[in-house]
Amino acid sequence: MTEYFDFDRLLESVLEAEGEQAVPSTVVDAALARARTSPQRRPFVRVLDRRAWPAPRLSMGDPAMARLVVMGLVALLALALITAAIGIGSRFRRSDVVLPPGWSTTGSMTEARADFTATRLSDGRVLAAGGATAAGQLTSAELYDPSTGTWSATRSMSEGRSFFTATLLPDGRVLVVGGGAGGDKLASAELFDPATGSWTVTGSMTEARGQHVAVLLSDGKVLVAGGTSGEPPSNAAEVYDPAAGSWTDTRPMTTWRASATATLLPNGQVLVAGGFGPGTSANDSAELYDATTGRWRATGSMTLGRGDTASA
């Protein structure tokens, strides 16, 4: 049987025979001589520094060894915490991806309603207010909580409204304006405070209107334009100042519009498009409102006329 050189075994035998204070040269010379005459499992790469022999034995009583062990444990704990955090974060990120597209039913409203407004509040809930049933226009309002999928009634508006607008203000309140389609139109406005669930009447518009547009401007004011206040549809426009609770007339649109769309653009201008204009046909025209000058100007027309089923 081939004999393989084992330095560790040789070292152990020398220490047992001569103790830890064995002359380093004796150990090294014996190891080298044995290595030259014996085949090896792996290259002999062990290097000994005779000046450092015998090597000191470390224990937890040694401050250096204790510090090394503590630092190692702290590093392992930190690595475990980082790994766990990455795993949890990845799981949350994946939850947005693995949900299949599609619709699912959720809780029903406390009251059936049509032609109402739905406004997403700053806290993520949704305010549904007003609308109409066969019995007439509604004053009631309710809140949807997406965390529970349920609706709960909140306090009612001061007046029944349908075909009106609701605009979320920078301070978290909701401005409700006008309303009415056929018959009398409203000029009144009121504010909903989500913190208290209460409504407060604010300044009335200079013109009663329904089926109008309302959009929050970059400076926190609200532009209201168009709608119906009789026949034909209106081209009048006005601006609400939440700080003063009052309305100020601004220049009218270039054409009459009802049931149009209004969109705040990144440059601060407002794009108003479509709606029903003079006569009963849907309008394909569009125009821009410049809040700094209060002026309207026509812009490119849409390819089709669009009425109250359009959205933007």
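Visitor: Contact means heavy atoms within 4.5 Å, so among contacts between residues at least 6 apart in sequence, what share joins residues at least 24 apart?

Guide: That share is 44% in this protein. Before we go on, please keep in mind that this is a predicted model, where local features need pLDDT of at least 70 and side-chain atom pairs count only at pLDDT 80 or more, while totals for chains, interfaces and linings use all residues. Residues are numbered from 1 along each chain as its sequence is written, and side-chain values use heavy atoms, with hydrogens and water left out.

Visitor: OK. How many helices and strands does the protein have?

Guide: The secondary structure comes to 3 helices and 18 strands. Helices (H or I, at least four residues) and strands (E, at least two) are DSSP runs, numbered from the N terminus.

Visitor: And what percentage of the residues count as buried?

Guide: Of the 312 residues, 35% count as buried, where buried means under 20% relative accessible area, exposed means over 50%, and partly exposed lies in between, using a 1.4 Å probe and protein chains only.

Visitor: Which residues have the most contacts inside the largest nonpolar core?

Guide: They are L223, A225, V270, V272, Y289 and W296, in a core of 13 residues. The strands β11 (213–216), β12 (222–225), β13 (237–241) and β16 (270–273) each supply at least two residues of this core. A nonpolar core is a set of buried Ala, Val, Leu, Ile, Met, Phe, Trp, Tyr and Cys residues joined through side-chain atoms within 4.5 Å.

Visitor: What does A225 touch?

Guide: Not counting residues up to four places away in sequence, A225 touches R209, H212, V213, A236, A237, M253 and W296. There is also a second, separate core of 11 residues, which includes L121, L143, F192 and W199.

Visitor: Changing topic: how many aromatic pairs are there?

Guide: Rings of Phe, Tyr and Trp (its six-membered ring) pair if their centres lie within 6.5 Å, and planes under 30 degrees apart count as stacked, over 60 as edge-to-face and the rest as tilted. By this rule the count comes to 4 aromatic pairs. In one of them, the rings of Y240 and W247 have centres 5.0 Å apart and planes at 50 degrees, so the pair is tilted. Another tilted pair is formed by Y289 and W296, with 4.8 Å centre to centre and 45 degrees between the planes.

Visitor: Is Y289 buried or exposed?

Guide: Y289 is buried, because its relative accessible area is 3%, and W296 also counts as buried, at 10% relative accessibility. In the other pair I described, Y240 and W247 are both buried.

Visitor: Now the sheet with β7: in what order do its strands come?

Guide: The order is β7-β8-β9-β10 in an open sheet of 4 strands with antiparallel pairing; two strands pair if DSSP finds at least two bridges between them. The edge strands are β7 and β10 (198–202), each pairing on one side only.

Visitor: How many residues sit between β7 and β8 in their hairpin?

Guide: There are 5 residues between them, and G172 in the turn has a positive phi of about 95 degrees. β7 (residues 165–168) and β8 (residues 174–177) pair in the antiparallel sense over 4 bridges, with A166 standing opposite V176 in β8. On the next side, 4 bridges join β8 to β9 (residues 189–193), again antiparallel, and the bridge partner of V174 in β9 is F192.

Visitor: Which residues lie on the covered face of β7?

Guide: The covered face holds T165 and T167, whereas A166 and L168 are on the uncovered one. In a regular strand the side chains alternate between the two faces of the sheet.

Visitor: What is the phi of F163?

Guide: It is near 55 degrees, a positive value in a residue other than glycine. F163 lies in the loop between β6 (150–154) and β7, and F163 is partly exposed, because its relative accessible area is 29%. D115, also not a glycine, has a positive phi of about 55 degrees, and D115 lies in the loop between α3 (63–98) and β1 (117–120). Most residues other than glycine have a negative phi.

Visitor: Last one: where is T228?

Guide: T228 is in the loop between β12 and β13, and T228 is buried, because its relative accessible area is 9%. Leaving aside neighbours within four places in sequence, T228 is in contact with G180, K185, A208, R209, G210, Q211 and A258.

Methods:
Contact = heavy atoms within 4.5 Å.
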